[in-house]
Amino acid sequence: MEEWMNNPAIKNLDPAKLELIKMAASRTNGKSGKDLAPVMLALITGANKQGIRFSPDEVTLILEIMKQGKSKEEQEQIDRTVKMTSSLLKKHTK
């Protein structure tokens with residue numbers, strides 16, 4: 001799962017964001033698609049508490065990292081979970 005560290009987009013990330021992503025990656029290692037949602041929510045809410053906001057591109061990068069090594073079905077589950085989560089977050093922040 002460490003191959004994501006070679007992604008060129010990682011090199012431009014804020015060190016605090018990179019640390020949060022590393023933590024999320026270690027927590028998601030070996031988990032199935034539906035078990036990733038709590039980790040993703042914890043990452044985002046933990047970052048928000050520290051005043052860190054992820055851009056849409058950064059969130060996409062995080063999701064790609066989480067999908068690595070997963071089956072097509074698990075990747076689709078991740079996508080569904082993210083859509084549901086993002087709609088809940090949008091409602092919550094209004």
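What share of the 94 residues in the chain is buried? Buried residues (under 20% relative accessible area, 1.4 Å probe, protein chains only) make up 33% of them.

This is a predicted model, in which local features need pLDDT of at least 70 and side-chain atom pairs count only at pLDDT 80 or more, while totals for chains, interfaces and linings use all residues. Residues are numbered from 1 along each chain as its sequence is written, and side-chain values use heavy atoms, with hydrogens and water left out.

Start with the whole chain.

Next, select residues 15-28, helix α1, and residues 56-67, helix α3. The two pack at an angle of about 25 degrees, with their axes 10 Å apart (lines fitted to C-alpha atoms over the stretch in contact, angles from 0 to 180 degrees between N-to-C directions). That makes α1 roughly parallel to α3, a label for angles under 35 degrees.

Now show the side chains at this contact (heavy atoms within 4.5 Å). α1 contributes Lys-17, Ile-21, Ala-24, Ala-25 and Thr-28, and α3 contributes Glu-58, Ile-62, Ile-65 and Met-66.

Finally, centre on Lys-17, in helix α1. Lys-17 counts as buried because its relative accessibility is 14%. A polar atom of the Lys-17 side chain lies 2.9 Å from the backbone oxygen of Arg-53. Leaving aside neighbours within four places in sequence, Lys-17 is in contact with Ile-52, Arg-53, Phe-54 and Glu-58.

Notes: Helix = DSSP H or I, 4+ residues; strand = E, 2+ residues; numbered from the N terminus. Parallel < 35°, antiparallel > 145°, perpendicular 65-115°, else oblique. Buried < 20%, exposed > 50% of the residue type's maximum accessible area, 1.4 Å probe, protein only. Polar contact = N/O pair within 3.5 Å; in protein donor to acceptor, adjacent residues only side chain to side chain.
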